[in-house]
Amino acid sequence: MWAWIMRICLSSLDHNRSTAPLSNHVMMECIKAREGMALINAYLDTQLPFAYVHLVCFLVNLQNAVFATVSGMTCAQSWGKGDYEEALHQVFSCLLIGIVYQAIFG
């Protein structure tokens, strides 16, 4: 793909009768971009270490448990004060954040 982009760029530079150093600069930028894309593909194809995946899952589950505890305590205090809107907000945010985090990392 980057060869096509380089060919199009060089054709347009030749059409405009640009200087050779400019063409060389464009070629070098296209080569750097191709090498960058190859590096990204190498990182995407590399599997994550097993321990790292378990650590991330543990931290997500721990965060969900702490958030649910704090949200439950805030909901109970709000309900006791008669602030039903805040209690409903805590229930909704606890459900939403828990479901989203588990969907992403679960």
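Modeller: Ala 65 counts as partly exposed, at 41% relative accessibility, where partly exposed lies between buried (under 20% relative accessible area) and exposed (over 50%), with a 1.4 Å probe and protein chains only. Please keep in mind that this is a predicted model, in which local features need pLDDT of at least 70 and side-chain atom pairs count only at pLDDT 80 or more, while totals for chains, interfaces and linings use all residues. Residues are numbered from 1 along each chain as its sequence is written, and side-chain values use heavy atoms, with hydrogens and water left out.

Colleague: In which helix is Ala 65 found, and how far apart are the C-alpha atoms of Ala 65 and Leu 96?

Modeller: Helices here are DSSP runs (H or I, at least four residues), numbered from the N terminus, and Ala 65 is found in helix H3. Along the chain Ala 65 and Leu 96 are 31 residues apart, and the separation of their C-alpha atoms is 14 Å.

Colleague: What distance separates the end C-alpha atoms of H4?

Modeller: The expected span is 1.5 Å times one less than the number of residues, so the 22 residues of H4 should span 32 Å.

Colleague: Which residues of H4 are buried, and against which helix do they pack?

Modeller: The buried residues of H4 are Ala 87, Gln 90, Ser 93 and Gly 98. Seen down the axis of H4, they fall within an arc of 130° (taken from the directions from the helix axis to the C-beta atoms), so they line one face of the helix. The face turned away from that buried side carries exposed residues, among them Glu 85, Leu 88 and Phe 92. The buried residues of H4 pack against H3.

Colleague: Is Gln 90 buried or exposed, and with which residues is Gln 90 in contact beyond its neighbours within four places in sequence?

Modeller: Because its relative accessible area is 12%, Gln 90 is buried. With contact taken as heavy atoms within 4.5 Å, and those sequence neighbours left aside, its partners are Ser 71, Thr 74 and Cys 75.

How values were computed. Helices (H or I, at least four residues) and strands (E, at least two) are DSSP runs, numbered from the N terminus.
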